[in-house]
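Here are my notes on this one, as numbered points. Have the coordinates open while you read.

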Amino acid sequence: MGNRTNRSTETALELLVEQIHTIWKAGNQVASVLSLDMTGAFDRVNHLRLLDNLRKKGVPLWFVRMVGSFLTDRTTTLLVENEETEPRRLNAGVPQGSPLSAMLFLFYNALLLEALNQPELPLSPLGFADDINLLTYREATVVNCTNLEIAHEQCLDWARTHGMQFALNKYTLSHLTRRRGFDLQAPVRLQDQVVEPKPVVKILGLQLDSKLHWKAYIQVI
């Protein structure tokens, strides 16, 4: 979602909340959400990889060539204390502020979302532009954390092939349930980073509490 007609943050949040309620109705299940953070996502787009993704999606060759021309021979300058630097050529990234760039990024991370959407793994990826949220569910938070750790390995595989980098220290984790008896302190362990769960997390600008009572968001307002 994102940068598409009728695909606003409100749409994405409604989908996420409805999925959580569906998990709760299914029985003794607990939902867990891991929110990822990309470092300089738009600036790191590899041009050749982007054009290859467009071709794989069946985008007409004439449009792929136009995008290639759009990204070629771009330069930037810095203005520091009224002194402008010499133009510097950009070999990666899509220009922020252009409507086309936002749409192109959806093609860039589409393969990641498709790889994460696996029937055998109880995982639902929610992508909004460069924001990625992973929703999983099971009878125990420890199992959820294991599933999120497995899914994150796929994220790292995609990052290695697409020149991207995730800021693990900015991740947030939340276990969502209204039932008692779940271990709500179970963390996710990713490489050398431990992501501890929080009772309130911020997703797409909304303060989401673990019971979906909206008290945290009301307090912000």
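1. Let's start with S35: buried or exposed? This is a predicted model, and in it S35 has 7% relative accessibility, under the 20% cut-off, so it counts as buried. S35 belongs to strand 1.

2. What does the S35 side chain have for a polar contact? The partner is the side chain of N133, at 2.5 Å. Leaving aside residues up to four places away in sequence, S35 touches I132, N133, Y171, T172 and I203.

3. On to the strand pairing. Strand 1 (residues 30-35) runs antiparallel to strand 7 (residues 131-138), with six bridges between them. Within that pairing, L34 has L134 of strand 7 as its bridge partner.

4. Strand 7 also pairs with strand 6 (residues 123-128), again in the antiparallel sense and over six bridges. Here F128 sits opposite D131 of strand 7. Strand 6 and strand 7 form a hairpin with two residues between the strands, and A129 in that hairpin has a positive phi near 55°.

5. Now the helices. Helix 2 (residues 47-56) packs on helix 4 (residues 99-108) at about 75°, and their axes are 9 Å apart. Roughly perpendicular covers 65 to 115 degrees, so that is the word for helix 2 and helix 4.

6. Which residues make up this helix contact? From helix 2 come R49, L50, N53 and L54, and they meet L104, F107 and Y108 of helix 4. Sorted by class, the contact has five nonpolar residues, one polar and one charged.

Terms used:
Residues numbered from 1 in each chain as written. Predicted model: local features only at pLDDT ≥ 70, side-chain atom pairs only at ≥ 80, totals over all residues. Heavy atoms only, no water. Pairing = 2+ DSSP bridges. Helix = DSSP H or I, 4+ residues; strand = E, 2+ residues; numbered from the N terminus. Buried < 20%, exposed > 50% of the residue type's maximum accessible area, 1.4 Å probe, protein only. Polar contact = N/O pair within 3.5 Å; in protein donor to acceptor, adjacent residues only side chain to side chain. Contact = heavy atoms within 4.5 Å. Axes fitted to C-alpha atoms, helices over the stretch in contact; angles between N-to-C directions. Parallel < 35°, antiparallel > 145°, perpendicular 65-115°, else oblique. Nonpolar A, V, L, I, M, F, W, Y, C, P; charged D, E, K, R; others polar.
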